[in-house]
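Q: I have just opened this one and have not looked at it before. Can you walk me through it?

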Amino acid sequence: MNLFTVSSILVTISCLSIAVLVSFKAKEKRTSLFWAAFCLVVAIWGIAGYKISLASNYDTAQLWWKIGLISVLITPVMYTQFVFMYTSKTMPKFIFGLYAITIVFILGIFRNFEFFMGNLNFIFSQFYWIDP
């Protein structure tokens with residue numbers, strides 16, 4: 001077990017805890033439920049990091065890198081939407097545009113991972129890391 005594994009476990013546990021706590025305490029508030037969904041997306045990133053750190057072959061590592069990158073791409077868009085919800089600003093076209101761009105990049109990563117991210121190298125004899 002390395003520090004990458006430990007940090008991924010900590011991210012997952014803390015984000016899942018926050019998501020569960022917020023969803024049970026503030027069921028009626030749309031903003032709170034959206035924050036819980038945001039925490040779940042970040043927790044998926046933590047789970048992906050954990051699985052990447054323990055992947056024993058290239059294909060498994062690549063699959064979990066893709067899942068982690070989906071979470072990384074969605075996180076800032078969801079955070080932006082949360083800020084707009086929290087401040088009561090409405091910019092639906094802007095948010096739609098952000099999600100559309102995110103979907104294009106997600107499809108690109110699944111279609112041609114090496115073009116977008118480079119190859120994976122087994123480093124420190126422990127895990128696969130992106131080598132641009």
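**Starting at one residue**

A: Ser8 counts as buried, at 5% relative accessibility. Keep in mind that this is a predicted model.

Q: Which helix does Ser8 lie in?
A: Ser8 is part of helix H1.

Q: What is Ser8 in contact with, leaving aside its neighbours within four places in sequence?
A: Gly46, Gly49 and Tyr50 are in contact with Ser8 once those neighbours are set aside. Also, the C-alpha atoms of Ser8 and Ile52 are separated by 9.6 Å, although the two are 44 residues apart along the chain.

Q: Which residues in H1 are buried?
A: Thr5, Ser8, Thr12, Cys15, Ala19 and Val22 are buried in H1. An α-helix has 3.6 residues a turn, so residues three or four places apart point the same way.

Q: And what covers the buried residues of H1?
A: The cover includes helix H2, residues 30-54.

Q: How many residues has H1, and how far does it reach?
A: H1 covers residues 3-25, which is 23 residues. From its first C-alpha to its last it reaches 33 Å, close to the 33 Å expected at 1.5 Å a residue.

Q: Let's zoom out. How many helices and strands are in the chain?
A: The chain has five helices and two strands. Along the sequence their pattern is α-α-α-α-α-β-β.

Q: What box do the C-alpha atoms fill?
A: Taken along the principal axes, the box is roughly 50 × 30 × 15 Å.

Q: What share of the residues count as buried?
A: Of the 132 residues, 36% count as buried. The accessible surface of the chain is about 8400 Å², and 70% of that belongs to carbon and sulfur atoms.

Q: How many positive and negative side chains are there?
A: There are 9 positive and 4 negative side chains, with the centres of the two sets 18 Å apart.

Q: What about contacts between residues at least 6 apart in sequence: what share join residues at least 24 apart?
A: The share is 60%.

Q: Now H3. How many residues has it?
A: H3 has 29 residues, 58-86. It reaches 41 Å from its first C-alpha to its last, close to the 42 Å expected at 1.5 Å a residue.

Q: Where does H3 bend?
A: The bend is at Thr75 and is about 25 degrees. A proline, Pro76, follows within four residues.

Q: Which residue with a positive phi follows H3?
A: That residue is Ser88, with a phi near 60 degrees. Most residues other than glycine have a negative phi. Ser88 has its positive phi although it is not a glycine.

Q: Where is the place of Ser88?
A: Ser88 is in the loop between H3 and helix H4, residues 92-111. At 62% relative accessibility, Ser88 counts as exposed.

Terms used:
Residues numbered from 1 in each chain as written. Predicted model: local features only at pLDDT ≥ 70, side-chain atom pairs only at ≥ 80, totals over all residues. Heavy atoms only, no water. Buried < 20%, exposed > 50% of the residue type's maximum accessible area, 1.4 Å probe, protein only. Contact = heavy atoms within 4.5 Å. Areas by Shrake-Rupley, 256 points an atom, 1.4 Å probe, with all protein chains shown as cover. Lys, Arg positive; Asp, Glu negative; His and termini not counted. Charge placed at Lys NZ, Arg CZ, Asp CG, Glu CD. Expected span 1.5 Å × (residues − 1). Bend = angle between axes of the 7 residues up to and from the residue.
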